[in-house]
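Me: Hi! Could you walk me through this one?

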Amino acid sequence: MWMILFMLLPLLAMAYIGWHIWCLLPVKWYFKTIVIVLMVASFLLLFAGFRRATDSMSMPLATTVYIVGTSSIFILLYLFILFLVLDFGRLVHLVPRTLLYNNWWTAGGISVFMFALFLYGHLHYKHKVRQELTITSSKITKPVKAVLLSDLHLGYHNQRDELHRWVDIINSEKPNMILIAGDIIDGSMRPLKEQRMYEELRRLKAPVYACLGNHEYFSGQPDAQQFYKDAGIHLLMDSTAVIDSSLVIIGRDDAMNRRRKPLEYLAKTIDKSMFSIVLDHQPHHLEKAEKAGIDFQFSGHTHRGQVWPISWITDAIYECSWGSHQRGNTRYYVSSGMGIWGGMFRIGTQSEYVVLEIRGKRE
């Protein structure tokens, strides 16, 4: 059902956009046809990545196909919104009909607007926002500084040179530990293997603990686990890690595994006198951490929709789709992600990492 909607809605949107482009461009019919065919072809490239056809291409071609295909869906979204606004303007007699028919000025204005918007979105994505979070607890005997990450989505778009920059940012914080809430891998393992990205992650100067995300299942869970091992990451799959006498981490398997252990079961295996952190990629059923007596949960997955107005949808779906949250004595942080899926644009959202400091109450 969801796949049918995923296909049908973009096709309807492209028909709507294509009709407007046909009416707007003051050129011969065959030039209009070329523009519309290129638009449809760009969207269809999206499915080359889904079907892993990119894995049989050269790396430069695969990267281009992935970026063009995944970017097209965001560009089509904003064209659809823009033409809807213009049509509404016509309906209420604020936009003259001549503005939308055979008009170079309108076509040029839309082109400049879209270019500027997505240039901003790309530059905004490249900028990684440093979020600070401080928690005080009587359970902590000595202060802890941790860098929290989620959704790196390493692959054809976020390649080794970009990961190198991220590792430098993380190391500059000089944390005691690094926690990653899943989706380190985007989809295909090929670019990670060919570029030996695990070597970059091994440059991290603090112990790394992580859980799996849904994209690790998309990429193939055994390969993903091997990559975590090669990268020197402590993978927690329905398991725990005691950091010191006052801190314990619970890493949950992703919700893609319907047989994963319940959080309340995992919580029973830990010492309640220790400060507990749960890594759970998808922020569903936040009440379970509260009921289990967890002190802090870190999640990702939502990306907060990546671009507006999809952020409105994620805000409606999740109890918390981004930022700090609290239920009873349990604190939460849902990250919009360090990386991103698909087209590298952030409009109305941000790419971020979290610097968490946990202090004792007497400090």
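**A serine and its surroundings**

Reply: Ser321 is buried, with a relative accessible area of 4% (buried means under 20%, with a 1.4 Å probe and protein chains only). This is a predicted model, where local features need pLDDT of at least 70 and side-chain atom pairs count only at pLDDT 80 or more, while totals for chains, interfaces and linings use all residues. Residues are numbered from 1 along each chain as its sequence is written, and side-chain values use heavy atoms, leaving out hydrogens and water.

Me: Which side chain does the side chain of Ser321 make a polar contact with?

Reply: That of Asp315, at 2.3 Å (a polar contact is a pair of N or O atoms within 3.5 Å; within protein, one must be able to donate a hydrogen and the other to accept it, and residues adjacent in sequence count only if both atoms are side-chain atoms).

Me: And what else is Ser321 in contact with, leaving aside neighbours within four places in sequence?

Reply: Besides Asp315, the list has Thr302, Arg304, Thr314 and Val334 (contact means heavy atoms within 4.5 Å).

Me: New topic: how do the axes of α2 and α4 cross?

Reply: Helix α2 (residues 29–44) and helix α4 (residues 59–91) cross at roughly 120°, with axes coming within 7 Å (axes are lines fitted to C-alpha atoms over the stretch in contact, and angles run from 0 to 180 degrees between N-to-C directions; helices are DSSP runs of H or I, at least four residues, numbered from the N terminus).

Me: Which residues make that contact?

Reply: Met39, Ser42 and Phe43 come from α2, and Val68, Gly69, Ser72, Ile73 and Leu76 from α4.

How values were computed
Buried means under 20% relative accessible area, exposed over 50%, partly exposed in between (1.4 Å probe, protein chains only). Helices (H or I, at least four residues) and strands (E, at least two) are DSSP runs, numbered from the N terminus.
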